[in-house]
Amino acid sequence: MSLAGRTQAPAPHPVPIRSGGFGGAMGLAEYLRRERIDALVDATHPYATAISANAGTAARHAGVPLIALRRPAWAATAGDRWSEANDVTAAVRALGERPRRAFVTLGRSELAPLTNAPQHFYLIRSVDPVEPVRPLPRVSYLIDRGPFREADERALMRAHAIDVVIAKNSGGTASYGKIAAARALSVEVIMLRRPASPEGSAVETVDEIIVWLDHAIASATARGMARGV
């Protein structure tokens with residue numbers, strides 16, 4: 001498993017782990033060849049477009065089969081109060097001029113646009129501390145790691161009198177609690193639109209990844225090339 005290296009204490013995983021970048025697509029291609037990798041799984045976040053693009057380029061250059069895990073996006077249901085924004089700047093603009101209390105669940109590197117609207121209160125949650133802290137007059141930082149239960153998210157929003165959530169459409173269940181909580185509390189959600197996914201083979205579940213891997217490794221074995229994943 002390869003991690004970006006941005007989290008100080010990543011969750012443990014029962015497999016060998018490396019951390020940090022590869023030096024672009026060609027660096028990743030060289031890594032695949034050097035480590036004799038048989039198959040590459042792109043299981044990155046739906047908004048991590050750079051590494052997904054690099055994975056596709058690297059797999060082609062190294063001659064390694066690639067599959068992507070693309071979690072289905074969340075869809076608004078009855079009771080949801082959603083609006084969409086193309087990026088964080090547009091999301092902050094959508095808050096309007098009247099002071100509001102926003103629960104912000106974005107990456108630490110994406111918070112700069114908040115300073116364009118200092119009249120709002122921001123509750124910012126992240127896995128690691130935000131450094132440097134943003135020059136905002138009304139801000140509270142929360143360090144926590146998911147998954148987050150709906151009941152806990154409701155309690156958090158009530159405690160901070162949240163009236164709007166800024167979130168990414170990550171899909172999956174680990175961070176859906178805040179979406180369900182916003183629905184229950186009739187809190188508005190400003191959802192960042194997903195970027196377009198790179199072209200290539202993709203599935204929606206881990207079980208489908210396992211089936212694909214079984215086939216990919218069996219094919220490599222039949223060719224006398226099986227090495228590792």
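Predicted model: local features only at pLDDT ≥ 70, side-chain atom pairs only at ≥ 80, totals over all residues.
In total, 12 salt bridges were counted in the structure. In one of these, Asp42 pairs with Arg70, with 3.4 Å between the closest N and O atoms. Asp42 belongs to strand E3 (residues 40-42), whereas Arg70 sits in the loop between strand E4 (66-69) and strand E5 (82-85), so the contact ties together parts that are 28 residues apart in sequence. Asp42 is buried, at a relative accessible area of 5%, and Arg70 also counts as buried, at 19%.

A salt bridge between Lys168 and Glu110 brings the closest N and O atoms to 2.8 Å. This pair links distant parts of the chain, 58 residues apart: Lys168 lies in strand E9 (residues 164-168) and Glu110 in the loop between strand E6 (101-105) and strand E7 (121-126). Lys168 is buried, with 13% relative accessibility, while Glu110 is partly exposed, at 24%.

Glu153 forms a salt bridge with Arg125, the closest N and O atoms being 2.8 Å apart. Here helix H4 (residues 150-159), which contains Glu153, is connected to strand E7, which contains Arg125, across 28 residues. Glu153 is buried at 2% relative accessible area, and Arg125 is buried at 7%.

The cavity search returned 1 cavity of 30 Å³ or more. The largest cavity holds about 40 Å³ of space. Its lining consists of His45, Pro46, Ala48, Thr49, Ser52, Arg70, Ser197 and Pro198, comprising 3 nonpolar, 4 polar and 1 charged residues.

Conventions. Residues numbered from 1 in each chain as written. Heavy atoms only, no water. 1 Å grid on protein atoms, 1.4 Å probe; cavity = no way out; pocket = protein on both sides within 12 Å on 5 of 7 lines; lining within 4 Å. Points joined across faces, edges and corners; volume = space filled by probe spheres on them. Nonpolar A, V, L, I, M, F, W, Y, C, P; charged D, E, K, R; others polar. Salt bridge = Lys/Arg side-chain N within 4 Å of Asp/Glu carboxyl O. Helix = DSSP H or I, 4+ residues; strand = E, 2+ residues; numbered from the N terminus. Buried < 20%, exposed > 50% of the residue type's maximum accessible area, 1.4 Å probe, protein only.
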